[in-house]
Amino acid sequence: MALTTINWPDSQKALFGTGDDLEIYHSGSDSFIKDAGTGRLLLLGSEVDLLKSDGGEYLITAVEDGAVQLFFDGAERLKTASTGVYVRASGSSGFWIDNQENAGKDIEFIANGDKLRFSDGVKASFGTGDDFEIYHDGS
């Protein structure tokens, strides 16, 4: 079966739906798949991959009944599994938790030192009633 090519000039939209509910177009610098807000935009597939524009690196992979993977610069950094979430860390700063109330990283895992660092005033609490706490107040 031969493929047919349809060319639209920049900013000309391919419209779908009775009320033009879905638009696909290129503005001259950016490409868009736009839902008019009348419902959800669904991508269906047993595996859905989002790759860089040259196809050379994965950004996100989602597998039916399986993992969702997030990549940074082509390297897997976060992966879901039936048993939880895996964070893949490397270098001086592996991952961190920030409650967005303080400036900076509240809890940080430092991969190349295999250590967990709590910022000043951040507590490690143990026991159902927080019976035991470890923290440093900065002084």
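**Salt bridges, ring contacts and sheets in a predicted model**

The side chains of Lys123 and Glu133 form a salt bridge, with 3.5 Å from N to O. A salt bridge here is a side-chain nitrogen of Lys or Arg within 4 Å of a carboxyl oxygen of Asp or Glu. The model is predicted: local features need pLDDT of at least 70, side-chain atom pairs count only at pLDDT 80 or more, and totals for chains, interfaces and linings use all residues. Residues are numbered from 1 along each chain as its sequence is written, and side-chain values use heavy atoms, with hydrogens and water left out.

The Lys123–Glu133 pair links distant parts of the chain, 10 residues apart. Lys123 lies in the loop between E11 and strand E12 (124-126), and Glu133 in strand E13 (residues 132-134). Helices (H or I, at least four residues) and strands (E, at least two) are DSSP runs, numbered from the N terminus. Lys123 is partly exposed at 42% relative accessible area. Glu133 is partly exposed as well, at 35%. The cut-offs are under 20% relative accessible area for buried and over 50% for exposed, with partly exposed in between (1.4 Å probe, protein chains only).

Lys123 also lies over the face of Tyr135, at 4.8 Å from the ring centre. For such a contact, NZ of Lys or CZ of Arg must be within 6 Å of the ring centre and within 35 degrees of the ring normal. The charged end of Lys13 sits over the ring of Tyr25, 4.7 Å from its centre.

The structure holds 4 salt bridges. Another of them joins Arg117 to Glu108, with the closest N and O atoms 3.8 Å apart. Arg117 is partly exposed at 41%, whereas Glu108 is buried at 12%. Lys52 and Glu57 also meet in a salt bridge (3.8 Å, N to O). Lys52 is partly exposed, with a relative accessible area of 34%. Glu57 is partly exposed at 22%.

Aromatic pairs number 3. Rings of Phe, Tyr and Trp (its six-membered ring) pair if their centres lie within 6.5 Å; planes under 30 degrees apart count as stacked, over 60 as edge-to-face and the rest as tilted. Tyr58 and Phe71 form a tilted pair, 5.8 Å centre to centre with 35° between the planes. This pair connects distant parts of the chain: Tyr58 is in strand E5 (residues 58-63) and Phe71 in strand E6 (residues 68-72), 13 residues apart. Tyr58 is partly exposed at 38%. Phe71 is buried at 19%. Phe126 and Phe132 form a tilted pair too, at 5.9 Å and 35°. Phe126 is partly exposed at 43%, and Phe132 is partly exposed at 48%.

An open sheet of 5 strands runs in the order E4-E5-E6-E7-E8, with antiparallel pairing. Two strands pair if DSSP finds at least two bridges between them. Strands E4 (47-51) and E8 (84-87) stand at the edges with a single partner each, so one side of each lacks a neighbour in the sheet. E6 and strand E7 (residues 75-81) pair over 4 bridges in the antiparallel sense. Leu70 stands opposite Leu78 in E7.

An open sheet of 3 strands has the order E9-E10-E11, again antiparallel. Its edge strands are E9 (95-97) and E11 (115-118), each pairing on one side only. Strand E10 (residues 107-110) and E11 share 4 bridges in the antiparallel sense. Phe109 stands opposite Leu116 in E11.
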